[in-house]
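This report looks at aromatic contacts and at one part of the surface. Start with the model itself.

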Amino acid sequence: MKIIFIILCLFLIACNNYRTNPFDAENIIISDFPRNDTIKGEKLNLEILGVNVLYVVDTFLIGFKASGIDHFFEIYSLPNFQYLGKYISAGRGSNELITLQYKNQFQIKENEITMWVADGAVNKCVLFNLSKSLKQGQAVFDTIVHTPYFDCYTYQNDSIFHLFKFDKTNFKCAQYNSIQ
């Protein structure tokens with residue numbers, strides 16, 4: 001009886017109409033688009049050595065240097081690319097970070113631009129105030145949050161939501177609000 005049941009199941013599976021190969025689909029060729037844009041590149045004469053990533057934050061171009069040698073950020077104004085300075089040096093001082101990770105999370109609140117950055121070496125997240133830093137000529141951190149673990153973070157306004165592995169199968173989410 002089991003053999004008949006197995007043969008019947010195999011027969012039903014073999015007789016389905018589902019495609020087993022995703023490449024068996026009909027080819028669709030798109031030859032006309034409603035709009036064509038032409039992109040023209042322009043060479044920028046910026047003297048940023050060791051830059052890993054360029055970010056645009058509001059009206060600023062930020063060159064990020066992961067090594068931290070001679071500061072992590074070099075900042076230029078847009079659209080004229082005027083050099084505004086270097087910010088956040090590598091170190092253990094009050095306005096320094098050992099490492100810097102930036103996930104392109106910034107906010108503009110009351111005409112001030114702030115950016116959440118993290119230092120994974122010491123499990124610390126800071127709210128870097130770009131506007132105040134440009135005015136004072138040095139890095140200004142509005143908020144400093146020390147966390148027990150450095151896993152997965154997301155930033156929402158003045159809060160940090162920290163997702164970390166609690167045990168083998170469970171995760172925990174902690175919220176930190178503007179802790180100095």
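Are phenylalanine 128 and phenylalanine 141 buried or exposed? Both phenylalanine 128 and phenylalanine 141 are buried. The model is predicted.

**Aromatic pairs**

The structure holds 6 aromatic pairs. Two of them are tabulated here.

| Pair | Geometry | Centre to centre | Angle between planes |
|---|---|---|---|
| Tyrosine 55 and tyrosine 102 | edge-to-face | 4.8 Å | 85° |
| Phenylalanine 128 and phenylalanine 141 | edge-to-face | 6.3 Å | 70° |

Tyrosine 55 sits in strand β1 (residues 53-57), and tyrosine 102 sits in strand β7 (residues 101-109), so their pair ties together parts that are 47 residues apart in sequence. Tyrosine 55 has 14% relative accessibility and counts as buried. Tyrosine 102 has 7% and also counts as buried. The cut-off for buried is under 20% relative accessible area.

The phenylalanine pair also links distant parts of the chain. Phenylalanine 128 belongs to strand β9 (residues 124-129).

**Surface patch**

Which residues make the nonpolar surface patch? Ile28, Ile30 and Phe33 do, and the patch covers about 380 Å². Isoleucine 30 lies in the loop between α1 (2-14) and β1. Its relative accessible area is 58%, so isoleucine 30 is exposed.

Technical notes
Residues are numbered from 1 along each chain as its sequence is written. This is a predicted model: local features need pLDDT of at least 70, side-chain atom pairs count only at pLDDT 80 or more; totals for chains, interfaces and linings use all residues. Side-chain values use heavy atoms; hydrogens and water are left out. Rings of Phe, Tyr and Trp (its six-membered ring) pair if their centres lie within 6.5 Å; planes under 30 degrees apart count as stacked, over 60 as edge-to-face and the rest as tilted. Helices (H or I, at least four residues) and strands (E, at least two) are DSSP runs, numbered from the N terminus. Buried means under 20% relative accessible area, exposed over 50%, partly exposed in between (1.4 Å probe, protein chains only). Patches are made of residues with over 30% relative accessible area and no salt bridge: like charges are joined within 9 Å, nonpolar side chains (Val, Leu, Ile, Met, Phe, Trp, Tyr) within 5 Å. Accessible areas come from the Shrake-Rupley method with a 1.4 Å probe; for residues, only the protein chains shown count as cover. A salt bridge is a side-chain nitrogen of Lys or Arg within 4 Å of a carboxyl oxygen of Asp or Glu.
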